[in-house]
Amino acid sequence: MSSIDRSQSAGGTRTYEVRTYGCQMNVHDSERLAGLLEDAGYVRAPEGSDGDADVVVFNTCAVRENADNKLYGNLGHLAPKKARRPGMQIAVGGCLAQKDRDTIVKRAPWVDVVFGTHNIGKLPVLLERARVQQEAQVEIAESLEAFPSTLPTRRESAYAAWVSISVGCNNTCTFCIVPALRGKEKDRRPGDILAEIEALVAEGVSEITLLGQNVNAYGSDIGDREAFSKLLRACGKIEGLERVRFTSPHPRDFTDDVIAAMAETPNVMPQLHMPLQSGSDAILKAMRRSYRQERFLGIIEKVRAAIPHAAISTDIIVGFPGETEEDFQQTLHVVREARFAQAFTFQYSKRPGTPAAEMDNQIPKQVVQERYERLVALQEEISWEENKKQVGRTLELMVAEGEGRKDDTTQRLSGRAPDNRLVHFTKPEQQVRPGDMVTVEVTYAAPHHLLAEGPVLDVRRTRAGDAWEKRNTEQAAQPTGVMLGLPKVGVPEPLPAAASGCGCD
């Protein structure tokens with residue numbers, strides 16, 4: 001980045017803003033985009049800038065319903081701002097950019113850069129090229145140029161981090177366009193993954209989440225069917241790494257050696273997010289999901305036998321083309337049998353470019369809505385019943401940042417239990433920081449959180465808390481930046497009113 005370019009903003013430094021849509025993979029990619037821009041000399045725009053940055057980057061998702069309309073609406077909102085600000089640049093990346101390519105510049109000619117899922121590392125170069133040549137730069141790579149984890153990063157949490165172990169997906173689910181946009185699965189070498197984790201732990205990180213489009217298929221690209229279970233066990237040997245999670249696995253690849261590794265590795269948390277999608281064998285076949293109801297419930301049974309306190313969550317699509325009331329009843333049956341702690345429920349909607357979008361027997365919206373409401377009501381009941389079983393248990397929580405919306409008014413703090421349940425607890429007299437560990441007794445259960453209303457039983461200050469405190473001290477001496485939103489380690493809050501995320505695993 002040239003000194004001339006940097007001087008275009010007040011104060012001589014160009015600012016940036018990244019807007020992220022979609023799944024955990026996109027959130028992780030946005031951390032890389034922020035790292036790339038800061039490595040090139042940009043600084044994060046002041047909080048509340050709302051598009052007033054020198055560079056605004058959209059990291060898009062092609063899976064969400066009406067994703068393109070939302071993007072072009074946001075781009076239209078920025079057009080007059082860009083017209084008033086010479087030198088301002090707009091970039092569009094991610095899955096929708098990979099899918100639509102030249103269409104974006106045709107519909108929004110004020111966009112400066114379009115890049116895809118395989119070449120996010122090119123963003124600073126493309127911005128500079130667009131500035132010098134005074135024309136839009138569209139560069140979409142057809143295959144991965146560099147594994148994202150080799151790029152600079154600006155992590156949003158000092159104590160928890162995503163670690164990608166693979167990119168892409170070899171499945172052909174009929175409702176999902178992700179494999180077409182992210183390509184075939186490519187695995188990182190185990191040594192590279194472990195080296196990254198060790199480096200993160202050295203920085204103060206105490207919790208990592210292994211991330212992949214189909215995380216437990218890890219090894220298929222390197223010819224080792226037990227590579228994922230071996231990786232989990234290797235994580236257990238990293239000193240200072242207190243918690244290991246992973247998302248999202250596929251039932252097809254969930255083997256007994258993975259269950260054994262989870263049960264026998266102390267820092268692998270008793271939590272599993274296992275996408276169901278449908279409980280009907282007929283619908284699973286139409287979805288090209290390579291398992292059936294019996295197989296799915298068998299995995300749940302084995303996990304609970306090996307890890308009795310495991311909290312299991314899932315993804316479910318309601319109203320897939322051809323779904324009958326009988327098919328839907330089979331989904332409700334699995335929900336009752338599996339007793340999920342949480343569920344992401346999605347109302348099926350057509351995703352352009354997927355086989356399911358062209359299927360006959362698309363279900364009327366009102367039918368989908370009615371089934372969705374029944375499913376939500378059932379899962380809410382089960383979630384509450386399962387949470388009530390936690391009352392009276394003593395849990396060690398990792399203190400979290402920004403997860404308790406009412407913490408300031410209730411004089412509470414919030415943390416995550418080993419099984420990833422959210423617990424609000426009474427603020428102790430002793431100072432505790434995000435990343436520190438507290439021990440509490442659960443006194444009350446709600447469907448989506450627990451309360452520990454008594455005094456904190458123990459506080460354990462950690463290197464992760466030290467890292468959080470150091471980062472905040474350093475940031476206090478700098479202009480406040482706009483955060484991308486803290487990536488929640490594990491599974492986000494369940495049962496959204498409208499489908500969010502990709503739900504494609």
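UniProt positions are given here in the numbering of this structure, with feature names shortened, and such annotations may be inferred rather than shown by experiment. The model is a predicted one, in which local features need pLDDT of at least 70, side-chain atom pairs count only at pLDDT 80 or more, and totals for chains, interfaces and linings use all residues. Residues are numbered from 1 along each chain as its sequence is written, and side-chain values use heavy atoms, with hydrogens and water left out.

**View 1. The binding site that UniProt lists at C23, C61 and C95 (unreviewed entry).** These residues span 73 residues in sequence, yet no two of their C-alpha atoms are more than 10.6 Å apart, so they gather at one spot. C61 belongs to the loop between strand 3 (55–60) and helix 3 (67–84), where helices (H or I, at least four residues) and strands (E, at least two) are DSSP runs numbered from the N terminus. C61 is buried at a relative accessible area of 7%; buried means under 20% relative accessible area, exposed over 50% and partly exposed in between, with a 1.4 Å probe and protein chains only. C95, which lies in helix 4 (residues 95–100), is likewise buried, at 5% relative accessibility. Neighbours within four places in sequence aside, the contacts of C61 include Y21, G22 and C95, contact meaning heavy atoms within 4.5 Å.

**View 2. A binding site that UniProt gives, in an unreviewed entry, as C169, C173 and C176.** The loop between strand 8 (166–167) and helix 7 (178–182) holds C169, and C173 is found in the loop between strand 8 and helix 7 as well. C169 is buried, with a relative accessible area of 9%, and C173 is buried at 6%. Residues up to four places away in sequence not counted, C169 touches P179, G183, K184, E185, Q213 and N214, whereas C173, with its neighbours within four places left aside, is in contact with M287, R288 and R289.

**View 3. The contact of helix 8 (residues 190–202) with helix 9 (residues 227–235).** The two axes, which are lines fitted to C-alpha atoms over the stretch in contact, with angles running from 0 to 180 degrees between N-to-C directions, come within 11 Å and cross at roughly 25°. Helix 8 and helix 9 are therefore roughly parallel to each other, a term for angles under 35 degrees. I193, L194 and I197 in helix 8 meet L231, A234 and C235 in helix 9.

Key. Parallel < 35°, antiparallel > 145°, perpendicular 65-115°, else oblique.
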